[in-house]
Amino acid sequence: MSAEKSSLHTRNLHRNPYDFDQLISCVPELKHYVFVNAYQTVTINFSIPKAVKLLNKALLLHFYHIKGWDIPDTNLCPPIPGRADYIHYIADLLAEQHNRIPTGNSVKGLDIGTGANLVYPLISHRSYGWTMLGSDINQDSLKNAQHILDQNPDLASVIQLKSQPDADHIFVNIIKSEDRLTFTMCNPPFHDSEESAMKGNIRKTKNLHQSKKVKPLLNFSGQQSELWCEGGELAFIKKMIHESALFSTQVLWFTCLVSKKDNLNKLTGLLKKVKAVEVKTIDMVQGQKISRILAWTFIPQKDRKSWFI
């Protein structure tokens, strides 16, 4: 048994080692991918997309009571513990104004680029009872996300999906004039080209295998919009910041993951230009990977409590 994953958020349900007997009882097919490694740890081979997908299916069923979760092989398979961490840190951010974590459907969140997996809205609602909206530009991804919702009828009134018809926009077309959102969240495309995404995947797969003999396409799942965009992460988040100013009175906190630490100075500089009244950087550590949540608001401190009435 490996030690508790203490780098994860204290409320993260995945801090303890996976109980594979429990998970296999949820998804029996998972047993074909479970083995004992050289360190005598029961695990799976994380470079095999099918294994990761089945693990996710079991985690979502066991911990969050999500039935029938599945995604096409062409879509990104997200690590559930890391996705849950982002949500718990948003909960902490909202608690600062509220003196406690606000729960229930009066808290409304928007997940930009929710993807076929719908993981952020699913975990958000199951963890805190929040109402969620998921947007995406990919119709096939939205179709799959809707299929997941169809398997879980109790979620129909609390998780909605919206298509972004214009790839040049992020909040425009999604946030309507009557909307009032507690937060937005986003895991933006990291790479600036397909070639860059492919190179990154080869590096990642080599690390997983600790071997030089690697099939380049192994574990290379993910639609173009999930993995890369022109200008990469920096360009995407800059666009997001510019657009956020258009909805400054309708959203309490805008948030976004930032993978490259070097991008933070440029982004915080831009946030000053668009007159954000408060900017926060929240560190998230998952194993050896460090990423950050950039959060900003245009709402003065004195007006924030009204969001929770």
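Which two strands form a hairpin, and how many residues lie between them? In this predicted model, β8 and β9 form the hairpin, with two residues between them. G287 sits in the turn and has a positive phi of about 65°. Helices (H or I, at least four residues) and strands (E, at least two) are DSSP runs, numbered from the N terminus. Residues are numbered from 1 along each chain as its sequence is written. Because the model is predicted, local features need pLDDT of at least 70 and side-chain atom pairs count only at pLDDT 80 or more, while totals for chains, interfaces and linings use all residues; side-chain values use heavy atoms, with hydrogens and water left out.

Two strands count as paired if DSSP finds at least two bridges between them. D283 stands opposite R292 in β9. The open sheet has seven strands in the order β5-β4-β3-β6-β7-β9-β8. Its pairing is mixed. β5 (159–163) and β8 (278–286) stand at the edges. Each has a single partner strand, so one side of each is left without a neighbour in the sheet. The twist averages 20° from one strand to the next. Strand β4 (residues 131–136) runs parallel to β5, joined by five bridges. S135 stands opposite K162 in β5.

Two helices lie across strands of the sheet. For the angles, axes are lines fitted to C-alpha atoms, for helices over the stretch in contact, and values run from 0 to 180 degrees between N-to-C directions. Contact means heavy atoms within 4.5 Å. Helix α4 (residues 119–128) lies across β3 (108–112), β4, β5, β6 and β7 (251–258). It runs at about 155° to β5. Helix α9 (residues 264–273) lies across β7, β8 and β9 (289–297). Its angle to β9 is about 5°.

The interior was examined next. A nonpolar core is a set of buried Ala, Val, Leu, Ile, Met, Phe, Trp, Tyr and Cys residues joined through side-chain atoms within 4.5 Å. Buried means under 20% relative accessible area, exposed over 50%, and partly exposed in between (1.4 Å probe, protein chains only). The largest nonpolar core has 56 residues. L30, W69, L94, W130 and F183 have the most contacts inside it. Helix α3 (residues 80–98) supplies the largest share of this core, nine residues. Beyond its neighbours within four places in sequence, L94 is in contact with P102, V107, W130, T182, F183, L252, W253 and F308. Another core, of 28 residues, lies apart from the largest one. I112, L133, L264 and L271 are among its members.

T184 belongs to strand β6 (residues 181–186). It is buried, with a relative accessible area of 0%. Not counting residues up to four places away in sequence, T184 touches L110, F171, V251, W253, F254 and T255.

Helix α2 has 16 residues. The buried residues of α2 include A51, V52, L54, L55 and Y64. These buried residues of the helix pack against α1, β2 (42–44), α3 and α4. H65 follows α2 and has a positive phi, near 55°.

The structure holds nine salt bridges (a side-chain nitrogen of Lys or Arg within 4 Å of a carboxyl oxygen of Asp or Glu). E29 pairs with K50, the closest N and O atoms being 3.4 Å apart. The pair links distant parts of the chain, 21 residues apart. E29 lies in the loop between α1 (20–26) and β1 (34–36), and K50 in helix α2 (residues 49–64). E29 is partly exposed at 37% relative accessible area, as is K50 at 35%. D70 and K53 meet in a salt bridge of 3.5 Å, N to O. D70 lies in the loop between α2 and α3 and K53 in α2, so the pair ties together parts that are 17 residues apart in sequence. D70 is partly exposed at 36%, whereas K53 is buried at 12%.

K302 and D303 form a salt bridge at 3.4 Å, N to O. K302 is exposed at 70%; D303 is partly exposed at 31%. Salt bridges that share partners also join E96, E278, K280 and R304 into one network.

Definitions and conventions
Expected span 1.5 Å × (residues − 1).
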